[in-house]
Amino acid sequence: MIRGLIFDINGTVIDILTNEGEENIYRVLSNFLDYQGIALSPDELRRLYFEINKRQRRESAEEYPEFDVKALFAEIVDRHATAFTHALPKPKRKVLPEVLAELFRAASRFRLEPYPDVRRVLDELREDYRLAALSDGQSLWALPELRSAGLAGYFDPVLISSDLGYRKPDKRMFELMLVKMDLAPSEVLFVGNDMYRDVFGANRLGIRTVFFKSNQGDHRKSGAEPDYIIYNFSELPEAVRFLSNRA
């Protein structure tokens with residue numbers, strides 16, 4: 001019997017568009033840091049962001065490493081802080097990396113909305129199934145974005161890769177979710193939009209999958225086949241009924 005549904009977030013329930021290469025991101029951050037006593041040009045900030053991001057992943061012992069955006073900006077601040085920066089009030093200095101991470105995401109975000117029919121379908125499904133969310137990303141961004149899209153109250157638990165240090169398709173993410181839900185692989189379905197991270201990752205534990213062929217994610221075959229494919233979120237209840245009957 002299917003008792004739980006586990007959802008990826010971005011590209012599955014949320015239609016989001018970000019662009020970390022956008023020049024204005026680094027202009028805004030450069031100006032903001034100037035008010036904190038740190039003088040870095042937009043080009044230098046861009047270089048540091050991608051350099052530290054890549055280094056964090058490279059130095060990780062994980063097979064599928066995740067970066068830590070708060071630690072990334074903390075390193076930038078610590079490395080370039082001036083006497084003015086150190087003289088800032090301690091509470092402000094403490095939250096500065098987190099504020100920079102949020103500002104970075106805000107400046108790089110161009111679209112954030114649930115896919116059509118998502119709330120209606122989730123309202124229907126939560127009558128009979130426990131709903132959870134398992135996603136790659138930064139929890140500093142993902143949790144506020146769920147709230148902004150009006151979806152924060154649908155999922156429990158919510159697991160985000162930045163809190164673990166590794167990302168899908170690492171099977172430990174799926175195993176941890178099953179432990180938190182107290183369910184077996186045969187009792188859940190995973191709904192995602194990426195053939196490799198979602199379908200392949202869930203299949204490694206014997207979890208059946210519904211692949212949402214949205215406008216995002218890797219749609220190429222990755223050594224695993226989804227159990228059902230949907231092209232609109234409104235098709236999900238029928239997919240769940242079909243797989244429930246097969247079970």
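This is a predicted model: local features need pLDDT of at least 70, side-chain atom pairs count only at pLDDT 80 or more; totals for chains, interfaces and linings use all residues.

**Exercise 1.** Determine the strand order of the open sheet and identify which strands stand at its edges.

*Solution.* Step one: the open sheet contains 6 strands, and their order is 5-4-1-6-7-8, with parallel pairing. Step two: strand 5 (158–160) and strand 8 (228–230) each have a single partner strand, so one side of each lacks a neighbour in the sheet and these two stand at the edges. Step three: from one strand to the next, the twist averages 20°.

**Exercise 2.** Describe the pairing of strand 6 with strand 7, and state which strands helix 10 lies across.

*Solution.* Step one: strand 6 spans residues 188–192 and strand 7 spans residues 208–212; the two pair in the parallel sense over 4 bridges. Step two: within this pairing, Val-191 is placed opposite Val-210 of strand 7. Step three: helix 10 (residues 236–246) lies across strand 1 (4–7), strand 6, strand 7 and strand 8, and runs at about 170° to strand 8.

**Exercise 3.** Characterise the packing of helix 2 against helix 3.

*Solution.* Step one: two packed helices are described by the angle between their axes and the distance between the axes. Step two: for helix 2 (residues 42–59) and helix 3 (residues 69–80), the angle is about 125° and the axes are 10 Å apart. Helix 2 is therefore oblique to helix 3. Step three: the crossing of helix 2 past helix 3 is right-handed. Step four: residues of helix 2 including Leu-45, Leu-48 and Ile-52 meet residues of helix 3, among them Leu-72, Phe-73 and Ile-76. Step five: sorted by class, this contact of helix 2 with helix 3 has 8 nonpolar, 3 polar and 4 charged residues.

Technical notes
Residues are numbered from 1 along each chain as its sequence is written. Side-chain values use heavy atoms; hydrogens and water are left out. Two strands pair if DSSP finds at least two bridges between them. Axes are lines fitted to C-alpha atoms, for helices over the stretch in contact, and angles run from 0 to 180 degrees between N-to-C directions. Contact means heavy atoms within 4.5 Å. Angles under 35 degrees count as roughly parallel, over 145 as roughly antiparallel, 65 to 115 as roughly perpendicular and the rest as oblique. A crossing is left-handed if the near helix is turned anticlockwise from the far one by less than a right angle, and right-handed if clockwise. Ala, Val, Leu, Ile, Met, Phe, Trp, Tyr, Cys and Pro count as nonpolar, Asp, Glu, Lys and Arg as charged, and the others, Gly among them, as polar.
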